[in-house]
Amino acid sequence: MTRDDGLTLHIRRVLHAPRPAVFRALTEPRELARWWGPDGFTVPGVESDLRPGGGYRITMQPSEGPSFELVGQFLDVDPPQLLRYTFRWEDPDPEDRETVVTLSLRDLHGTSTELTLAQGDFATERRHALHEEGWTQGLDKLERLISSAASA
């Protein structure tokens, strides 16, 4: 099913860490590789030129099969409150198209951060659902990582 009226993904999370720590986890290659992607995936490589106009490349490895690449360009980088970038798969599925991810971080009393994610517009409901599942599982991993760092 294809829709042209826009399918945008929206996710909101409260993470129990200060906003600068959350921003680092979203942008520093070593940190990003620790939580990025759905369950069962690892990230053997992250390249990033974190500035407006700079690019990034994330290599994702599923538990079985060949790795694949996610690439894009940073549109807005405003630490520690905003990150906006394009998102596209190299060798995309026919239902894929480039989307834009916006991550907004709001300080909650210095000890927690509200993360708001928007990504779109997707070409199909199936691709929207796939990304929703991937972001949900990845953010679950980020939440566990932040919780374990806070308790250490």
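This is a predicted model: local features need pLDDT of at least 70, side-chain atom pairs count only at pLDDT 80 or more; totals for chains, interfaces and linings use all residues.
Let's start in the middle: the largest nonpolar core of this protein holds 34 residues, and those with the most contacts inside it are Trp-35, Trp-36, Ile-58, Tyr-85, Leu-115 and Trp-135. Helix H3 is the top contributor to this core, giving 5 residues.

Now pick out Trp-135. Leaving aside residues up to four places away in sequence, Trp-135 touches Trp-35, Trp-36 and Tyr-85, along with Leu-9, Ile-11, Val-101, Leu-117 and Gln-119. For another view of the inside, turn to His-131, which sits in helix H3, running over residues 125-151. Is His-131 buried or exposed? Its relative accessible area is 6%, so His-131 is buried, as that value is under the 20% cut-off.

Time to step back and take in the whole fold. The protein has 3 helices and 7 strands, and along the sequence they come in the order β-α-α-β-β-β-β-β-β-α. The C-alpha atoms fill a box of roughly 45 × 35 × 30 Å along the principal axes. A compact globule of 152 residues would have a radius of gyration near 15 Å, and the protein agrees, because its own value is 15 Å. Of those 152 residues, 41% count as buried. Among contacts between residues at least 6 apart in sequence, 51% join residues at least 24 apart.

Finally, a few spots in the backbone deserve a look. Most residues other than glycine have a negative phi, and most peptide bonds are trans. Where does the chain depart from this? A cis peptide bond joins Pro-79 and Pro-80, with omega about -10 degrees; Pro-80 is in the loop between strands E4 and E5. The bond from Gly-120 to Asp-121 is cis too, with omega near -5 degrees, and Asp-121 belongs to strand E7.

Two residues show a positive phi instead. Asp-91 has a phi near 55 degrees and lies in the loop between E5 and E6, where it is exposed at 75% relative accessible area. His-109, with a phi of about 65 degrees, is in the loop between E6 and E7. At 80% relative accessibility, His-109 counts as exposed.

Methods
Residues are numbered from 1 along each chain as its sequence is written. Side-chain values use heavy atoms; hydrogens and water are left out. Helices (H or I, at least four residues) and strands (E, at least two) are DSSP runs, numbered from the N terminus. The radius of gyration is taken over C-alpha atoms; the globule rule is 2.2 Å times the number of residues to the power 0.38. Buried means under 20% relative accessible area, exposed over 50%, partly exposed in between (1.4 Å probe, protein chains only). Contact means heavy atoms within 4.5 Å. A nonpolar core is a set of buried Ala, Val, Leu, Ile, Met, Phe, Trp, Tyr and Cys residues joined through side-chain atoms within 4.5 Å.
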